[in-house]
Structure formats: structure tokens, C-alpha cells
Amino acid sequence: MPFQKLAPPARGTAITKGKSGALVVPRDPIVPFVEGDGTGPDIWRATKRVLDAAVQKSYHDERTIEWFEVFAGEKANNRFGEWLPADTLTALRLYRVGIKGPLTTPVGGGMRSINVAIRQKLDLYACVRPVRYFSGVPSPMKNPEKLDAIIFRENTEDVYAGIEYEAGSPAATKLIDFLTKNLGAAIRPGSGIGIKPMSREATRNLVRRAINYAIAQRKHTVTLVHKGNIMKFTEGAFRTWGYELAREEFADLVVPEEELAAKHGGKLPPGKILLNDRIADAMFQQILLRPEEYQVIVTPNLNGDYLSDAAAAQVGGLGLAPGGNMNDDIACFEATHGTAPKYAGQDKVNPGSMILSGVLLLEHIGWQEAASAVIRGLERTIAQKRVTYDLHRQIEGATLLKCSEFGEAIVENIDQRMAKSLR
Ligand code: NAP
């Protein structure tokens, strides 16, 4: 038994990987979940209800998910005296796909963030965030539906990995001394120091994943977003390594932007994917001014952090923004907002981000019918203006629903769609 303190469900089968590297998904996969802290239990209950209903309605009794509760955050600390028990990481490794609610960040000592710890311990190198508009959601844009993209953000490197030394500390002083004396760097004495490592290996892994996604989902543009004009050996190298990978592994499918005019008269041949790149600051303008030109966006860690939230705001905010952290073996999907502790236990907040993370999970295991059923149910519910408090305060004439009622409304709308399609 690989677990120290937990017992996996009596029923269910583990997802495995076939020889080709593709997931082999049984009809009853065991999927670990962390319900999360604060409002986590509320949004998880609504999410589980919607996902189970969508699977049941789509496949009747042919398929089912066997949920396996694992622990992290406050609940884990209260129960086991640990913020991130080893069993949780074991379960994610063993069952390959999981979902988690938001977690309280421990204040003082120990871990910087449990989320970052999970990503680093499992080497989940890609953070994947789709950004799309749901009709009826208030947005600051005139045409928010024009943005329909997915962001692949590197998750383990860059200044964001947290290798930093406090101003005046012996380590910072030693580093400044070394850099100024040995490498001729000009650094003000007494500075704080952050280190920005970016590797060819991590960049290639990320770009490969993004291009494979574009191929699978029939997207025709992949864009590398970097600040390589200034940070040449980190962000600039990210760009170079991205094009290099595409040339080496996808030469028959991917057309680099510089070849578009030279070899194809400026027009992308049918069935091909354009690989271009944009400097990060320009990209923030581009997604506002020409959002329809971008489909798959690949960025280093820090750019991706900023860009994902800015893009989410364009389509109506973080309340409906899902996410996933993954590598070639494991994928863990998660709500992108925090625990909203002031609303804990009030059955009030919007479960949309977690529900859509569940949709990503269904898509990841190839259960597309159930994923589409959830999307349609959610679209209809929002179009009917039946929403939780966060959207209610922005939509005129809307009906205010609790968190659980919003989940029920989605299930109801899935039912009606199914009934219609059977008629
Ligand atoms: P937060 O929990 O995201 O909440 C900030 C505000 O965002 C809430 O007060 C609420 O705004 C709105 N909000 C968040 N989730 C919502 C939902 N599901 N539905 C509707 N509105 C929602 O951010 P925080 O207060 O800065 O952080 C609280 C804790 O969460 C901290 O311990 C933090 O470290 C942690 N955190 C965890 C994660 C994660 O696990 N992925 C991510 C971020 C933060 P209004 O009050 O205006 O309605």
C-alpha cells in the first residue's frame, strides 16, 4: 500500500499511460480531490454535483468518477499536523489526474505557498489557463468574445521560483561581492537579490506541450511571449529555444513567422500552424486591440502570471477562470482564485472557476461529451441571468443564487439540453 494514512476508494481503477504516452482511462477512474480551505468546501460540493451529473447524463451508467479525498492546507494541518502530507503527492502521482480547491497560504515559517510547493515537488512544469467569454458576463470590453485563447505558462523557473536573498543578508552581500568583483556587474551595495534561471529543457517542454495542444485542438497560431529584447539570455533564449524546438520536432506542421512572407506569400497554408513571438509589453496591447489573432500563448513564469489575470479580466474576471498545472505524467486542475475566507460556509460564492477546472479535467481524460455538457449548462444558466452574488451585482435584472443553487441550475440546464437532443 503506497499510502501512509489514507485508504483509496474500494471501487475504481487508476488511469495509466499507454506505450504511445497517451492516457489510458478506465470507465471508473479514481480521481483525487482536495476540497480546499475557506469557501473551498462550498465550491467543491457544487462542482462535484455538476461533474457527476454531466458524466451520468452523458454516459448513463457506462462511466463514473470515483472521487478520492486527499488533504492539503488548513484541513490537512488540523487533521495530520502537516500542510502538505506525503499521501497527497503520492495520490497525484499514482492516479495522474486530480483537482483542488483554493488553499490558505500558511503565514510565517515553512512553506511560501502550498500551491507553489505542489507544483515544485511534482515538477508540474506547465500552468495552463484557457481564457474565453461566456455570453452575459459583464466585461469592460466592447467585444469580449473575440478573446478565446489558452495560456501555457512555465511553472518552475524564472524570478518567480523564489530564489532570492534579502537586502543586507550575508548571502546577498556575498553574491553582490562575487558579481561585482568577478563578473563586473554594477549592483548597488545593500540591494536585495533575485535570481532568474531559465533553461532550454524547461522551455522546450513547455513549447512542445503548447504545440501538441494546438495540433490536437486544430488551432492555427502559437505565440511565444517574452521580454527578450532586454533580458537576452533568459527571455531572449526562451524565444530562440522555442523556435528551435519547433524546427526540430514540428518542421512539417509549424511555419515560423519569418518564413510566412518569404516562403508562403504571407498566407498560412491550410492545416499548418503559425509560430510567432511578441514582446511582453506589446502583447498586453495586442490582446486588448487584436485579441482574435491569438489562440495559444506560451510564456515564461512571471509574464504568464500577469498576462493570465489581465486576460481573465477582459472576459469578466477571475470568478470564471479555470486552471491546471501539469507535466507529461500528472495534471492537477484548480480554481484560480483564493479561499475568500470571509464568505466561508455561507454557500455564497461563485463555483464557476472550480467547475470549469473540472471541465478541463474531463477534456484531459478525453470525456469531451461530459465537458461540453457542463459548458452548455453553464452558458444557459448565465444567459438566464441566474447567477451568484459577484455577477448579480453587475447584471441588471439578474436572479441571485447561492453557490449550491448555481450548481443545481447548471444541472437543470444540462437535463433540458439532453432532453431536447433526445426528442
Ligand atoms: P481571494 O480569496 O481570491 O478573495 C479576494 C476576493 O475575490 C474576495 O473577497 C471576493 O471579492 C473575490 N472572490 C474570490 N473567490 C471568489 C468566488 N469564488 N466567487 C466570487 N468572488 C470571489 O484572495 P485573498 O483574500 O487575497 O486570499 C485569501 C487566501 O487565499 C489567502 O490565504 C491566499 O494566500 C489564498 N490564495 C490561494 C490561492 C490558491 O489556492 N490557488 C490563490 C490566491 C490566494 P468580493 O469580496 O469583492 O466579492
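Q: Which side chain has an N or O atom 2.6 Å from an oxygen atom of the ligand?

A: In this predicted model, the side chain is that of T105, where an N or O atom lies 2.6 Å from a ligand oxygen. The protein covers 66% of the 880 Å² of accessible area that the ligand has on its own.

Q: Which polar backbone atom is 3.0 Å from an oxygen atom of the ligand, and what is the distance for the side chain of R393?

A: The backbone atom belongs to T339, whereas an N or O atom in the side chain of R393 is 3.1 Å from an oxygen atom of the ligand.

Q: How many residues surround the ligand, and how do the residues of this shell divide?

A: The ligand is surrounded by 18 residues, of which the closest are T105, G338, A340, Y343 and Y389. The shell divides into eight nonpolar, seven polar and three charged residues.

Q: How are two packed helices described, and what is the angle at which α11 and α12 pack?

A: The description rests on the angle between the two axes and on the distance between them. Helix α11, residues 352-364, packs against helix α12, residues 368-383, at an angle of about 155°, and their axes are 7 Å apart. The two helices α11 and α12 are therefore roughly antiparallel to each other, and their crossing is left-handed.

Q: At roughly what angle do the axes of α9 and α10 cross, and is the crossing left-handed or right-handed?

A: The axes of helix α9, residues 280-289, and helix α10, residues 301-314, cross at roughly 15° and come within 11 Å. That makes α9 roughly parallel to α10, and the crossing in which α9 passes α10 is right-handed.

Note on methods
Residues are numbered from 1 along each chain as its sequence is written. This is a predicted model: local features need pLDDT of at least 70, side-chain atom pairs count only at pLDDT 80 or more; totals for chains, interfaces and linings use all residues. Side-chain values use heavy atoms; hydrogens and water are left out. A residue is near a molecule or strand if one of its heavy atoms lies within 4 Å of it. A polar contact is a pair of N or O atoms within 3.5 Å; within protein, one must be able to donate a hydrogen and the other to accept it, and residues adjacent in sequence count only if both atoms are side-chain atoms. Accessible areas come from the Shrake-Rupley method with a 1.4 Å probe; for residues, only the protein chains shown count as cover. Ala, Val, Leu, Ile, Met, Phe, Trp, Tyr, Cys and Pro count as nonpolar, Asp, Glu, Lys and Arg as charged, and the others, Gly among them, as polar. Axes are lines fitted to C-alpha atoms, for helices over the stretch in contact, and angles run from 0 to 180 degrees between N-to-C directions. Helices (H or I, at least four residues) and strands (E, at least two) are DSSP runs, numbered from the N terminus. Angles under 35 degrees count as roughly parallel, over 145 as roughly antiparallel, 65 to 115 as roughly perpendicular and the rest as oblique. A crossing is left-handed if the near helix is turned anticlockwise from the far one by less than a right angle, and right-handed if clockwise.
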